[in-house]
Amino acid sequence: MPEVIFAGPAGRLEGRYQPSKEKNAPIAMVLHPHPQFGGTMNNRIVYDLFYMFQKRGFTTLRFNFRSIGRSQGQFDHGDGELSDAAAALDWVQSLHPDSKHCWVAGYSFGSWIGMQLLMRRPEIEGFISISPQPNLYDFSFLAPCPSSGLIIHGTEDRVSTPKDVQPLVDKLHTQKHITITQRQIEGANHFYTNHHDELIESCSEYLDRRLNGELTQPKPKRIR
């Protein structure tokens with residue numbers, strides 16, 4: 001797994017990158033939790049999601065947002081971190097021009113950044129959003145959400161309670177041409193203490209079903 005340094009909007013960004021053996025393999029990018037609360041690309045959930053995609057033949061990237069590890073710059077309350085994610089995707093796409101599709105997975109703060117990114121990048125065909133925090137961050141930009149995906153969270157999350165997450169899920173369920181899958185991990189808190197393996201297994205099952213053509217809807221044909 002090569003350690004990589006690539007250019008970001010505020011200086012260099014540090015990442016870990018695993019190319020697929022297939023030239024046209026899809027790309028997956030995994031985004032870490034809040035930089036000011038201990039979030040890094042080496043978070044255990046981020047690490048295991050990275051390998052979940054890698055084992056299924058994706059070209060996979062995770063990286064440190066600005067100010068974390070060897071990544072330069074200062075925390076920018078989401079705006080700069082979104083720019084970091086866009087630059088990271090640009091970088092990996094420049095190495096894999098034959099990759100036509102992408103996935104983005106994010107945990108906590110990373111899920112907010114990831115879902116903003118998919119609004120900007122039509123090549124993102126699937127997402128995994130772990131423990132989003134609509135009680136803290138504005139998700140109103142998902143109008144409409146362009147891609148089918150998974151929202152997964154714990155029933156005992158006190159950082160973003162199920163009551164906080166449900167209106168976001170309900171809103172997305174009303175949108176056409178996408179399928180939003182919701183999973184709740186019984187007894188899990190925001191950090192998935194004692195429920196980590198169950199979380200990764202649930203994400204893996206979802207990804208496998210998507211790769212098998214399930215849990216999504218055919219996109220309408222554009223009129224030329």
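Mentor: Happy to! Keep in mind that this is a predicted model. Let's start where helix 2 and helix 3 cross: the crossing is right-handed. Two packed helices are described by the angle between their axes and the distance between those axes. Here helix 2 (residues 79–95) and helix 3 pack at an angle of about 60 degrees, and their axes are 9 Å apart. Angles of 65 to 115 degrees would count as roughly perpendicular, and those under 35 as roughly parallel, so helix 2 and helix 3 are oblique to each other. Now look at the side chains between them. From helix 2 come Glu 81, Leu 82, Ala 85, Ala 86 and Leu 89, and they meet Phe 109, Ile 113, Gln 116, Leu 117 and Arg 120 of helix 3.

Helix 3 (109–120) has another neighbour, because the buried residues of helix 4 pack against it, as well as against strand 7 (148–154) and strand 8 (180–185). Which residues of helix 4 are buried? They are Val 165, Leu 168, Val 169 and Leu 172. Look down the axis of helix 4 and you will find these buried residues within an arc of 100 degrees, so they line one face of the helix.

Finally, find Trp 103 in strand 5 (residues 102–107). Trp 103 is buried, with a relative accessible area of 3%.

Methods: Residues are numbered from 1 along each chain as its sequence is written. This is a predicted model: local features need pLDDT of at least 70, side-chain atom pairs count only at pLDDT 80 or more; totals for chains, interfaces and linings use all residues. Side-chain values use heavy atoms; hydrogens and water are left out. Buried means under 20% relative accessible area, exposed over 50%, partly exposed in between (1.4 Å probe, protein chains only). Helices (H or I, at least four residues) and strands (E, at least two) are DSSP runs, numbered from the N terminus. The arc is that of the directions from the helix axis to the C-beta atoms. Contact means heavy atoms within 4.5 Å. Axes are lines fitted to C-alpha atoms, for helices over the stretch in contact, and angles run from 0 to 180 degrees between N-to-C directions. Angles under 35 degrees count as roughly parallel, over 145 as roughly antiparallel, 65 to 115 as roughly perpendicular and the rest as oblique. A crossing is left-handed if the near helix is turned anticlockwise from the far one by less than a right angle, and right-handed if clockwise.
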